[in-house]
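I opened the model today and kept notes as I went. The entries follow in the order of looking.

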Amino acid sequence: MTPQSNFMVLAPIVPEREPELRELLASMNRGPGQVNPNNVLLPFAEFEELHFARFVILDDKTTEDVRVYGLSPRTYPLYLAFLGDIDGNANVFLQKLIRRAGDGLRQILSCCQGFGPDTHLLDWMKQHESPPIAVYVNWRGRTVRQIREEAALYGALESYIEKHAASFDGLRACQIHQELQSFINAEQSAGRITLSKEAPTPIGWQIKNLAHLIGFPLLGLLLSPLLVLAAPFFIIALRRLEKSDPVVCPIADQKHSESLSDLEDHDVTNQFSAMGSLKPGFVRLLTTTVVLKTVNYGARHITRAGRLGRIRSIHFARWVFVAGTERMIFCSNYDGSVESYMDDFINKTGFGLNASFSNGIGYPRTNWLVRDGCIDERNYKEYLRRHTLPSQVWYKAYPGQSAVDLERNTRIRRGLEMSSMTDEQAREWVALL
Amino acid sequence: MSEVDYADVQGLLRFGYGHMTSASYVLVRVKHQDAAKAWLRSTPVTTAVAQKPPPKRALNVAFTAAGLRALGVPESIVSAFSHEFRGGMWQESRTRQLGDVQKNAPSNWIWGSDGREPHALIMFFAVHEEFDSFVQKSRDQNWSEAFEEIVSLDTSNLDGDEPFGFADGISQPQIDWDQQLQRPRTQSEYTNIVALGEFLLGYPNEYGKITERPLLEPNEATAVLLNAEDAPAKKDLARNGTYLVMRQLEQDVRSFWKFLYDRSGENLADAAQLGAKMVGRTQAGDPLVPNQIEPIPGVDTRANPQNQFTYDNDPVGARCPFGAHVRRTNPRNSDFPGRRLNAFRKFIIMMGFGPKGFYDDLTSSVRFHRILRRGREYGPELSPEDALQPGPPNESPRGLHFICLNANISRQFEFLQNAWVTNTKFSGVTGESDPLLGNRESIPGCPVTANFAIPADGTLRRRVSGLPQFVTVRGGAYFFLPGLRALRYFTGA
């Protein structure tokens, strides 16, 4: 299995060069929200291990919100974030990226502070890496190559069935399976269809993964006497905060909302970047950290492939602290419109949403960390919209394919690779076509 | 919780006015603010108070955001209405969401886009004999001073069928007018009773919350308004009002039946069967799945047996395809897959370890996405047999003046139109949008969206390809249908 990994380069922009940077980024698009995958600066399409990538200028308009806690807002530099989700090792990928698109990258990153003509690109990027605190991958181990091969497989099956529709009349599911199996075998032998074998899982990754699998619960176990002692105090403190924390959900500015809409719904998948300040204090920081570490653990070791709870429309997602622990950004790639995304969240994983986002300033009031909160639907949606940032450039390697499409194709492929099937299995398999 | 004052609610919310078989929708722009206010003040607007015998004439009125501005409503109030109402239906980003591109694009609309955006929609209803005189009398001297007509849309009475020839209007939500509904946090069975606040602003919705709307400071001008239930110190401008979505949908009845006929070996009975698969009901309105034995809350089994069903026993769409129009527009599901679940089972499902079939649990819970349909057909009736003949030159167009009411346009109408009707990835299908309403336009990475799959249990599905575009959007706008007090506030009465 080839595990997925990610990178995020985060650097403050030289203020005078912001307009230039915006122009450069815009030049990578064909139109608002539509990247040119072969643009000269960074031809994303040439990197066959790249699933998603984006450039976002972290123009957080909500920094004033800390005033509700009597704090005076800090002036943060304006950051540029460049992030991607990839197959295999991130270092290897960055090296390849620099080899093939170093000039373009230099042009973009030179608009950031501390980047000169002599800067060593890889070192600089690694110095400016912001690792996520939690990551979700829809289907661990499924590579871009596999996605493309399986999409081609589905296409081939569909056109074969269309051409030979009559010959399938009256066939039972098992017979259909056999017939299509022999067709695909022939196509593979003729080199028209390729279904690459899974690459071996890197040993280093396996060890790390095992350490994480055991280490996190072990740490919890070791700390448990302390946790039991501290829990009542923590719960009381959290309850007190929950009851008093101010809610800040004004209607999102119409222009801001419309500028986000301009970038949305050009593909079946959309990008989402939301940023905000954490509620002040140790209790909230601790809650955020524990919740997100748990989410990360669950997403990595427990979730069923293709699902985050009941949600099946998220390809990749991550939570990242932005330069310190005061502010945080959440980035995801999801299918459908933002309205359906938010509804899915509220109705299917409201509890998880509340636990992970309610530590942000102004979030609708929660109870016991997981209850209520986003059920205050209109406020929640305004809250989220207000915190959403437009992505200047967004790339997806498989336009037109939803996460559910990818799951269907993978299921079809797995079914084809089974030498025999029970009647029930065959019926389910045929229903995928 | 206060009772609904029906005298403050426009009648369209409670009644479809079925016995008034004549109707027309007049879309106007305000010429003179004072004259418009004067006409609106002097014209009786029909309320939701039940009358015996029922009235023979009715008039209801709704305004766009531009219309409110034209009446002199300050921007600070207009900007407290929802984003989508203010933005309007013809906004570029919205057209992508709603499928209003290419042939459907606002630039091709008869009304509703730039320069032809209405300010108000005046709806006239009457029994046949009185209709002409009613409309004539209403469009008096004041009217011509007040308004410039963009278009007057006539309707026709097709006896409950829509122009393709299928019974329509069978499924409507039952509004919980008395606010008796005790909604559990998760609703584990399909119910047709929907919270009042989904259709009327100022009342709790399916989340138990009151939808955002303009709340005003009490003063002389706002004294006419009711207090807000959730903020008693404020005046609730939108209380007893709602949003009205209107779209003119032109239906190509000839191409619809010709397509069905051609794909059914030129056999009309088979064509009707294929049509039923696409609609999700037979022409008579019978569902394609057997009736559910257990009662469905909000469905009167005797009065409306054709509404007594869910898709619970049709998990792969073998009886009613996933893509069928009525299954897309009302999947009749609940918050959770499966019924009568204990807390542990619910937890397991919530964590993603529930049913693992490919098609399981792919559709959002329907109770947050219901609309109240109030549209009417237009154009002459055309039977399937006649539809197979070539049409005369300059044939008069047919279609539906689609009207729906909802308190939250983005969560109700827009969600339905975007995530269910237009979506080429609805419920695990691919390469197809709504067989009736779809625009068949390719999307990036998906050149074909003109298919329609008819699943079969245990064998290969039938996939019908090359569906033409049967329905074209010819106009549309978002309106606010105010309560009568708000109307008085707008017109300074």
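In which helix of chain A does Leu219(A) lie? I looked it up in the model, which is predicted. Leu219(A) sits in helix H6 of chain A, residues 203-244.

Leu219(A) has 48% relative accessibility.

Leu219(A) belongs to a nonpolar surface patch. I noted Leu210(A), Leu213(A), Ile214(A), Leu218(A), Leu221(A), Leu222(A), Leu223(A), Leu226(A) and Leu227(A) as the other members. Together, the patch residues have about 980 Å² of accessible area.

I moved on to the interface. How many residues of chain B are in contact with chain A? I find 60 residues of chain B, touching 60 residues of chain A. The two chains bury about 5,000 Å² between them. Carbon and sulfur atoms carry 48% of that buried area.

I count 7 salt bridges between chain B and chain A. One of them pairs Arg378(A) with Glu84(B). Their closest N and O atoms are 3.9 Å apart.

Last, I asked which helices of chain B each supply at least two residues of the side that touches chain A. My entry reads H4 (83-87), H5 (92-98), H11 (343-350) and H13 (410-422). H13(B) gives the largest share of that side, 5 residues.

Technical notes: Residues numbered from 1 in each chain as written. Chains lettered and ligands numbered in written order. Predicted model: local features only at pLDDT ≥ 70, side-chain atom pairs only at ≥ 80, totals over all residues. Heavy atoms only, no water. Patch = residues over 30% accessible without salt bridge, like charges linked within 9 Å, V, L, I, M, F, W, Y side chains within 5 Å. Areas by Shrake-Rupley, 256 points an atom, 1.4 Å probe, with all protein chains shown as cover. Salt bridge = Lys/Arg side-chain N within 4 Å of Asp/Glu carboxyl O. Helix = DSSP H or I, 4+ residues; strand = E, 2+ residues; numbered from the N terminus. Buried < 20%, exposed > 50% of the residue type's maximum accessible area, 1.4 Å probe, protein only. Contact = heavy atoms within 4.5 Å. Buried area = accessible area lost by both parts, 1.4 Å probe.
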